[in-house]
Amino acid sequence: MKRALVTGITGQDGSYLTELLVKKGYEVHGIIRRASTFNTDRIDHLYEDPHTPSPHVKLHYGDLADGSGLRRVIEVVQPDEVYNLGAQSHVAVSFQQPEYTVDVDALGTLRLLEAIRDFGARTGKFARFYQAGTSEMFGATPPPQSEATPFYPRSPYAAAKVYAYWQTINYREAYQMFASNGILFNHESERRGETFVTRKITRAATRIKVGLQRKLYLGNLDAKRDWGHAEDYVEAMWRILQVDEPDDFVVATGESYSVKAFVERVFAQLDLDWEEFVLIDPRYFRPTEVEHLHGDPTKAKRVLGWEPKVSFARLVERMVKHDLELARQEKTLVEAGHLVTARGMANV
Ligand code: NDP
Ligand code: GDR
């Protein structure tokens, strides 16, 4: 049985990747952060009581800011594969917390690589390493973007990820480690964090539909993104670690749409006129914006045999259907007096 270690297991991608790995027969170990409230909602359905014989998913407390803790987890787990998905992953937040973002996203990757390298040097067992790189690294470089496109990061988040990208390549070249980068374009889902634009829109529009919300405030509607579904993208992550040679891959659909197009489609699906409900609030503008991301996934298709299965239309359909059900449940609870309507939506 193969053992995988996943940082960021409680996040959108961590939860889908864990499902995939469990299905493939892996024992999955995840690093979670201590919080004053439970933060394991996305993986609760996968978690088994540690007292059961050979549970498929095991959790360890840790943090990418804590190198000695990471070393201990590597010692205990002795993984075959490490997926580094943990990150302060919100671009707008990275302008408010640049130092923290760089510590976790850039130095955190280095800490993990060092832990794997030292364990490998001592025991001869080097885990294969996947780094969650991002299309944000291309930033201001015009589309289409492929593995050959130069980086031009436009946020502390993107700059930190560029560091982690090169550090991963350096460990591959310096220590012959199997260390690979995925350069993933935006991928969304029913589990997407609610302050990312797609989920913010589907949550708000469905709440508007059932009468729980009146307005939706957004920033730049002209930005264009290449949006896929997270389920497809975690399949690519796994494939990246199964090929014979470590390498770097763009993972994208090869289509892009504006934020406005996403809004229009969501509201149309709910028979609503978006212009009645959407307002622009400059607080959602970023100091430097990434205007247009549109990936070229030719290499991933050729080398990994990877294809995205969920289209843009289907992605929107699935997210709206899911969130409409959520909004209806919320409404029932509100009417029964079990829930207050105001939602603590952060300003990002
Ligand atoms: P999420 O924001 O949903 O999840 C991030 C995960 O990282 C959570 O499990 C979070 O834990 C964890 N985390 C945050 N800070 C730390 C820390 N200091 N130490 C350890 N873990 C930490 O992100 P996604 O699942 O969407 O993305 C996964 C990875 O892929 C990220 O690295 C992201 O930057 C990258 N990426 C994402 C893309 C996308 O479109 N989704 C595209 C390209 C790259 P907690 O639950 O406790 O907050
Ligand atoms: P992004 O995703 O920055 O591409 O990073 P996000 O959904 O936050 O923004 C996409 C685009 O929408 C515009 N936008 C808004 N964004 C948010 N969050 N809230 C708004 O109200 C709003 N209005 C307009 C943004 O300006 C932007 O142009 C995501 C993250 O998952 C990263 O971790 C990942 O690396 C990249 O995708 C690829």
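1. Around ligand 1 of this predicted model there are 27 residues, of which Gly 8, Gly 11, Gly 86, Ala 87 and Ala 132 come nearest; a residue is near a molecule if its C-beta atom, placed from the backbone, lies within 6 Å of it. By class, this shell holds ten nonpolar, 14 polar and three charged residues, where Ala, Val, Leu, Ile, Met, Phe, Trp, Tyr, Cys and Pro count as nonpolar, Asp, Glu, Lys and Arg as charged, and the others, Gly among them, as polar.

2. Residues are numbered from 1 along each chain as its sequence is written, while chains are lettered from A and ligands numbered from 1 in the order in which they are written. Local features need pLDDT of at least 70 and side-chain atom pairs count only at pLDDT 80 or more, whereas totals for chains, interfaces and linings use all residues.

3. Helix H1 (12-23) and strand E5 (128-134) each give at least two residues to the shell around ligand 1, and the largest share, three residues, is that of H1. Helices (H or I, at least four residues) and strands (E, at least two) are DSSP runs, numbered from the N terminus.

4. Ligand 2 has 23 residues around it, with Ser 89, Thr 134, Val 197, Gly 219 and Ala 223 coming nearest. Two or more residues of this shell come from each of helix H3 (91-96) and helix H6 (197-209), and by class the shell has eleven nonpolar, seven polar and five charged residues.

5. Gln 96 lies in helix H3 and counts as exposed because it has 12 C-beta neighbours inside 10 Å (exposed means 12 or fewer other C-beta atoms within 10 Å of its own, all placed from the backbone). The C-alpha atoms of Gln 96 and Pro 156 are separated by 9.3 Å, although the two residues are 60 residues apart along the chain.

Key
Buried ≥ 20, exposed ≤ 12 C-beta atoms within 10 Å, placed from the backbone.
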